[in-house]
Amino acid sequence: MNIPFVTFRPLERELDSELRAAFERVYTRSWYIEGEEDTAFEQAFAAYCGAKHCVGVGNGLDALVLALKAMDIGPGDEVLVPSNTFIATALAVTYTGAKPVFVEPDLATFNLDPARIEQAITPRTRAVIPVHLYGQPADMDPILAIAARHGLRVLEDCAQAHGARYKGRRIGSFGDAAAFSFYPGKNLGALGDAGAVVTNDEILAQKVRALGNYGSDYKYHHIYQGQNSRLDELQAAFLAAKLPHLDKVNEDRRRTAARYLAGIRHPEVILPQVPEWAEPVWHIFAVRSPRRDALAQHLEANGIQTNRHYPIPMHLQGCYAGLGIPQGALPIAEKISATELSLPMYYGMTEAEADCVIQAVNAFE
């Protein structure tokens with residue numbers, strides 16, 4: 001049996017007529033930027049997240065950048081980010097002119113460890129970005145308490161966690177703002193690049209919208225030095241078609257994850273841990289193994305595709321050599337990078353496919 005790491009086909013087959021209708025609606029209307037589809041999706045997604053405002057943007061990185069700029073983060077500032085995450089989180093800080101400061105995660109959950117935050121705070125720290133990595137919510141209550149104590153802004157990076165719940169409440173409305181990516185591989189994915197900023201702060205939402213529209217609050221009136229980052233009508237229409245199915249998609253992934261958690265029993269394979277307050281959506285099912293590469297080769301030989309998230313930690317990437325962080329300085333991030341392996345996870349994965357993965361993992365010698 002050949003099992004891909006991810007496939008979009010099961011959901012696309014189910015939603016074929018709805019997606020084609022969305023395209024026809026936009027094409028017939030001949031209105032492609034800042035129209036009815038964008039407005040409708042923004043309202044629906046804000047409501048889904050339990051927030052007051054949603055501003056569609058071009059992609060997830062832009063969502064982070066625009067939210068930070070709307071918070072007036074800039075040169076001379078420091079922003080705390082997890083040492084283990086996709087590099088976009090750190091790049092967003094860099095693009096504002098601020099400095100990313102890496103804080104180690106909890107090895108069991110891969111998420112930012114609240115116990116390590118305060119020791120990283122300096123007089124220049126302005127914000128913290130908890131990432132809900134792999135679809136598992138970060139521990140927001142202590143993070144918010146620390147931020148309140150030190151006067152820090154909180155920007156949730158929700159790029160991998162659409163619909164995940166923390167203590168019964170969907171992520172995306174805990175911080176000052178939240179950034180989402182709708183890259184096609186996400187649990188809620190567009191058919192191209194797309195993103196959004198969600199917030200309960202009306203002024204912040206207005207500023208994000210202006211910054212993403214050339215700094216303009218109305219036509220030919222520019223109050224900021226902005227950029228061009230808007231959610232186009234076609235992607236908004238596709239996302240609006242998919243949104244009502246997101247909970248079904250997430251529940252399907254939970255069933256596969258539960259099967260993995262119950263079935264994988266190998267002394268060299270460390271399973272992810274889920275706190276009792278967390279309801280993940282399993283964008284990624286990440287395990288760890290001291291023989292990660294050999295395990296990946298074994299699975300590939302059995303027709304099972306895997307992935308590695310993220311094989312080179314951010315502080316050892318060439319683009320951040322200027323920070324002067326030596327190898328060994330962030331041992332948890334380095335350990336995760338050297339041992340993490342992502343197993344197949346997608347909507348529509350059958351029990352037989354999941355069992356095939358389980359059997360192959362357990363048969364690893």
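Figure 1. F182 is buried, with a relative accessible area of 0% (buried means under 20%, with a 1.4 Å probe and protein chains only). The model is predicted, so local features need pLDDT of at least 70 and side-chain atom pairs pLDDT 80 or more, while totals for chains, interfaces and linings use all residues. Residues are numbered from 1 along each chain as its sequence is written, and side-chain values use heavy atoms, without hydrogens and water.

The rings of F45 and F182 have centres 5.3 Å apart and planes at 85 degrees, so this pair is edge-to-face (rings of Phe, Tyr and Trp, the last by its six-membered ring, pair if their centres lie within 6.5 Å; edge-to-face means planes over 60 degrees apart). F45 lies in helix α3 and F182 in the loop between β8 and β9, 137 residues apart (helices are DSSP runs of H or I with at least four residues, strands runs of E with at least two, numbered from the N terminus). F45 is buried, at 0%.

**Figure 2. The aromatic cluster around F182.** F41, F45, Y48, F180 and F182 form one aromatic cluster. F41 is buried, with a relative accessible area of 1%.

**Figure 3. Arginines over aromatic rings.** The charged end of R169 sits over the ring of F174, 4.0 Å from its centre (for Arg, CZ must be within 6 Å of the ring centre and within 35 degrees of the ring normal; for Lys, NZ must be). R170 lies over the face of Y48, at 3.7 Å from the ring centre.

Terms used
Buried means under 20% relative accessible area, exposed over 50%, partly exposed in between (1.4 Å probe, protein chains only). Rings of Phe, Tyr and Trp (its six-membered ring) pair if their centres lie within 6.5 Å; planes under 30 degrees apart count as stacked, over 60 as edge-to-face and the rest as tilted.
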